[in-house]
Amino acid sequence: MADTVIDVIDLRSDTVTKPSPDMLRAMAEAVVGDDVFLEDPTINRLQERAAQVFGREASLFVPSGTMGNLSCIIAHTRPGQEVICEETGHIYNYEMGSMSAVAGVLPRVVRSEDGIMNWESIAAAIRPKIYYRPQTALISLENTHNMAGGTVYPTRLAHEICDKAHDAGIPVHLDGARVFNAAAALGAGVAEISGKFDSIQFCLSKGLGAPVGSMIVGSREFIEKCRSIRKMLGGGMRQAGVLAAAGLLALEHGPGRLHVDHENAKTLAARLAQTPGITLNPARVQTNIVIFDIRKSGRTSGEFLKALAAKHVLGLPVDNTRIRFVTHLDVSSRQIEAAATAAYEVMK
Ligand code: TLP
């Protein structure tokens, strides 16, 4: 009997994409060497290219966004200091408390509207320079903001925060896991929108479509510091050019198609907003993330997602009544329509 292929529509995350045939070929053909000896030509090429795209001196290939963010936090801080970050941000909620457990720093959490902090609330969280108070060593922004629903920092605001932070002698890190989505939504380049940050982490393995990997971007001096930190964290990889080859393709071809994911997210949001039991303002969907509330339906996220999975559509619970759907290159507009129909059938 022939196997039945079930068309699962996986909207849990843009991390779920599988490498394309072209990507697999590039990985198989990659020229590799030992990167701890700086001898992997494909990794070196990826690092040069990422630095060039961001208009910076250097960049470093790291296994994950989590390791990228943590390496930057360690490089910018000393134990006992503080990092200002947003209350629902990834570094505070989804990275195992690594800034405290490993870097020895305290998160100083700021509340915001839609994940987008303003200078006034950041300034209020900066510690006075008194010798017995913990000192603010770093400010970290997230663009796009994941759990606020893929929201985007207006470039002028990001620039203003960086300028004022620098005036106060504080560096600013960008968790730019999805910075290319932000750039696509703003109709600008990543170099322009991230130009004033002291360090940037971006993911190759999300909307850009690589199976693994993130990059840290910054000055040559900063990147050399991060190279040692990466080794300390166990991220010194050897013939990882096979992964960098996928990253290179993702970096070249990924950004140009993100507007398709954004259009799919808008279509999905518009359909979900008309579904009984769902609360969602589709006008707030800016990029590839759609978060909605099902409180009105009287069901929990777990119950809704279980019923949806029976129709071969997968999503992620944000909390007991909120769900996240993420569009990406492995879901077509036809599948988006099918997912919205499945959600409607579950709710009606
Ligand atoms: N985000 C994942 C989950 O961890 C929630 C996802 O599915 O969205 N910064 C941001 C803003 C992220 O969204 C993520 C991953 C990371 C950092 C960490 O990247 P990885 O998973 O490569 O460590």
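Colleague: What volume does the largest cavity have?

Modeller: This is a predicted model, and the values discussed here are computed from it. The structure holds 2 cavities of 30 Å³ or more. The largest cavity has a volume of about 70 Å³.

Colleague: Which elements give two or more residues to the lining of the largest cavity?

Modeller: The lining includes Cys85, Glu86, His90, Ile91, Ser140, Leu141 and Glu142. Tyr92, His145 and Asp175 are also among the lining residues. The elements that contribute two or more residues are β3 (82-86), α4 (90-93) and β5 (136-142).

Colleague: Which residue of β8 is the bridge partner of valine 62?

Modeller: Strand β2 pairs with strand β8 (residues 214-218) in the antiparallel sense, over 5 bridges. Within this pairing, the partner of valine 62 in β8 is serine 214.

Colleague: In what order do the 3 strands of the open sheet with antiparallel pairing lie?

Modeller: The edge strands are β9 (289-293) and β11 (316-317), each of which pairs on one side only. β9 pairs with β12 (residues 322-326) in the antiparallel sense over 5 bridges. The order of the open sheet is β9-β12-β11.

Colleague: Which residue of β12 is the bridge partner of phenylalanine 292, and which strands does helix α13 touch?

Modeller: The bridge partner of phenylalanine 292 in β12 is isoleucine 323. Helix α12 (residues 258-273) packs on this sheet, touching β9 and β12, and its direction makes about 15 degrees with that of β9. Helix α13 (residues 301-309) also packs on the sheet, with its direction at about 40 degrees to that of β12. The strands touched by α13 are β9, β11 and β12.

Colleague: Are the rings of phenylalanine 54 and phenylalanine 202 stacked or edge-to-face?

Modeller: The structure holds 6 aromatic pairs. The ring centres of phenylalanine 54 and phenylalanine 202 are 4.9 Å apart and their planes lie at 25 degrees; planes under 30 degrees apart count as stacked. The pair is therefore stacked.

Colleague: How many residues apart in sequence are the parts that this pair ties together?

Modeller: Both phenylalanine 54 and phenylalanine 202 are buried, and ring pairs link Phe54, Phe180 and Phe202 into a cluster. Phenylalanine 54 lies in helix α2 (residues 41-54) and phenylalanine 202 in strand β7 (residues 199-203), so the pair ties together parts whose separation in sequence is 148 residues.

Colleague: Are tyrosine 131 and tyrosine 132 buried or exposed?

Modeller: Their rings have centres 5.2 Å apart and planes at 80 degrees, so the pair is edge-to-face. Tyrosine 131 has a relative accessibility of 79%, and tyrosine 132 has a relative accessible area of 58%. Because the cut-off for exposure is over 50%, tyrosine 131 and tyrosine 132 both count as exposed.

Colleague: Is serine 98 buried or exposed?

Modeller: Serine 98 lies in helix α5 (residues 98-101). Leaving aside residues up to four places away in sequence, serine 98 touches Leu70 and Ala103. Its relative accessible area is 10%, so serine 98 is buried.

How values were computed
Residues are numbered from 1 along each chain as its sequence is written. This is a predicted model: local features need pLDDT of at least 70, side-chain atom pairs count only at pLDDT 80 or more; totals for chains, interfaces and linings use all residues. Side-chain values use heavy atoms; hydrogens and water are left out. Two strands pair if DSSP finds at least two bridges between them. Helices (H or I, at least four residues) and strands (E, at least two) are DSSP runs, numbered from the N terminus. Contact means heavy atoms within 4.5 Å. Axes are lines fitted to C-alpha atoms, for helices over the stretch in contact, and angles run from 0 to 180 degrees between N-to-C directions. Rings of Phe, Tyr and Trp (its six-membered ring) pair if their centres lie within 6.5 Å; planes under 30 degrees apart count as stacked, over 60 as edge-to-face and the rest as tilted. Buried means under 20% relative accessible area, exposed over 50%, partly exposed in between (1.4 Å probe, protein chains only). On a 1 Å grid over the protein atoms alone, a cavity is a set of points where a 1.4 Å probe fits but cannot get out, and a pocket is an open set with protein on both sides within 12 Å along at least five of seven lines; lining residues have an atom within 4 Å of a point. Grid points are joined across faces, edges and corners, and a volume is the space filled by probe spheres set on the points.
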